[in-house]
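Keep the terms defined as they come up.

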Amino acid sequence: MATVPLIAPSEELREELRARGGTSAARCFQCATCSAVCDLAPDGRPFPRREMLMAQWGLADQLMADPAVWLCHQCNDCTARCPRDARPGDVLQVVRSLVIERLAFPRSLGRFVANVRTTWPVLLGAPLLLWVLLLGLTGHLGVPAHLVSWEEVVPHWMIYSVFFPVTLLVMAAAGVSARRFWVLLGSTGPPRKGSLPVALGAVAAELVTHRRFGCCETARPRRWGHLALVWGFVGAAVTSGLLIVALYGFHMELPLPLTHPFKILGNLSAVALLVGTAILVVERLKDPDRVGRTTAFDTFFLVVVALVVLTGTLVEVARLTLPAAVGLPMYVVHLSLVLTLFATFPYSKFAHMLYRTLALAHERMTRENDQPPDPTD
Ligand code: SF4
Ligand code: SF4
C-alpha cells in the first residue's frame, strides 16, 4: 500500500502569520496569477502560489524548508496583480522573518529582536549604556582640552575587547542557525548534488552583482541601493581589517590624513553606504505599495543601518570641524549603533544575507539537469 504523506497543519503558524500582518494569505483562491507574473520564479518550480497554500493551511515545516521563500526579492509584482489582494509578496516577507526567529540561537534572542516594536529601546539603549559604563569605569568619560584623536578617550583595546567577543558569539549563533537551515532545506525536495563551496562561489558572484534584481523589472531601482550597501559594507570591513594590520603589525599612527589610501577607501565605502541607504529610503517613501507592507522588523534594520552611516559620516566631519565635546559623544553613539547592528546580525533582517545565500546555494545544487534554465542565469 502506498504511503500517505503526513500533513501536520500548525495553528501556531497561522496565529503568528496573523500577528505579523500575513492575514491576507487567507484570501488566496489559488488562481496562480502570482506565479505567472513572477520574473524570478523558475519554470520548473514556480512560486509564490504554492507558498500561499502552505501559509493558508499552516504548513509550518514545509514553509520553513522551502528555498523559494528566499528566492523572492519582494518586488511585489505578484501583489499588484493578485485579484484577491492576498499580498503574496508581503506574506513571503512575513515568512522570512518567522524563519529567522524560529531558527535563531538562542531562540529567546530571536524572539526578542522579532518583537522589536516593543524591544527597540533596549536594543538601542543597552549598547550605549555599555560604552558609557566602560568609559566611566576606566576613567575615560571626560573630554580632554586638546584632543588629537578619539583614541585618547576611547582606546583601541576597549573597542577590541567589546567587538572581538561579540563577533565570536555572533558567528557562533549564526553558524548554529545556518546549520539548522541547511538541514531543513535538505529535508525535502530533490537531493543536492555537487559541492557546497563551488555553489557558494557561484552565489557570491551573483550577490556582488545582484544579478537577480536585474531580472525583476519593478525591483530594479532597489538593486542599486542594495548593491551600494553590499559594496559599502565590504569596503568598510576591508578598511577595518587593513587598519588593524597597519596598527598592530606596522605601528601606524592615527589619525590618518585624508589623502591616505585607507582613508580614501573608508570614505568611499561611507559614500556607498550613504547612497545605498538613501536609495532604499526614497524607494520606500516613493511608492510604499510597491515595496510592500513595512513591518517594524524591516524598519528597525534599515533605521539602524541609516543611523550607523549617518553618525559615521558626522563623526568624520566633526573630527575635522567641530569641538571634541560635540564630536566625542557622537563617536560613542556611533560605536553603540555599530554594536547593535553587529549583535543583532543573526536575528534581524541582516540575517537575510545568511539565509538567502544558503537558499541560493541549495537551489543551485538541486537544480535538475533536464529542467529549463533558471531565468536569472
Ligand atoms: S496569491 Fe493571489 S494571485 Fe496568487 S494564487 Fe492566490 S489569489 Fe491568485
Ligand atoms: S514579490 Fe516579486 S519576486 Fe517575490 S514572489 Fe512576488 S513577483 Fe516574485
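Helices α6 (77-81) and α7 (88-102) each supply at least two residues of the shell around ligand 2. The top contributor is α7, with three residues. Helices here are DSSP runs of H or I with at least four residues, strands are runs of E with at least two, and both are numbered from the N terminus. In total, 16 residues surround ligand 2, and the closest are C38, C72, C75, C78 and G89. A residue counts as near a molecule or strand if its C-beta atom, placed from the backbone, lies within 6 Å of it. By class, this shell has 11 nonpolar, four polar and one charged. Nonpolar means Ala, Val, Leu, Ile, Met, Phe, Trp, Tyr, Cys and Pro; charged means Asp, Glu, Lys and Arg; the others, Gly among them, are polar.

The model is predicted: local features need pLDDT of at least 70, side-chain atom pairs count only at pLDDT 80 or more, and totals for chains, interfaces and linings use all residues. Residues are numbered from 1 along each chain as its sequence is written, while chains are lettered from A and ligands numbered from 1 in the order in which they are written.

Now ligand 1. Its shell holds 14 residues, the closest being C28, C31, T33, C34 and C82. The elements giving two or more residues to it are α2 (33-37) and α3 (49-57). The shell divides into 10 nonpolar, two polar and two charged.

Some backbone details follow. A32 is not a glycine, yet has a positive phi of about 75 degrees. A32 sits in the loop between α1 (11-19) and α2. In the loop between α2 and α3 lies P48, joined to F47 by a cis peptide bond with omega of about 15 degrees. The bond from F105 to P106 is also cis, with omega near -5 degrees. P106 belongs to the loop between α7 and α8 (107-114).

Next, a helix pair. Helices α9 (residues 116-137) and α17 (residues 324-343) pack at about 125 degrees, with axes 8 Å apart. That makes α9 oblique to α17. The contact uses L123, L124, P127, L128 and W131 of α9, and V332, V333, L335, S336, L339 and T340 of α17. Residues are in contact if their C-beta atoms, placed from the backbone, lie within 7 Å. This contact has nine nonpolar, two polar and no charged residues.

Finally, the whole chain. The chain has 18 helices and zero strands. Its C-alpha trace spans about 80 × 40 × 40 Å along the principal axes.

Conventions:
Axes fitted to C-alpha atoms, helices over the stretch in contact; angles between N-to-C directions. Parallel < 35°, antiparallel > 145°, perpendicular 65-115°, else oblique. Contact = placed C-beta atoms within 7 Å.
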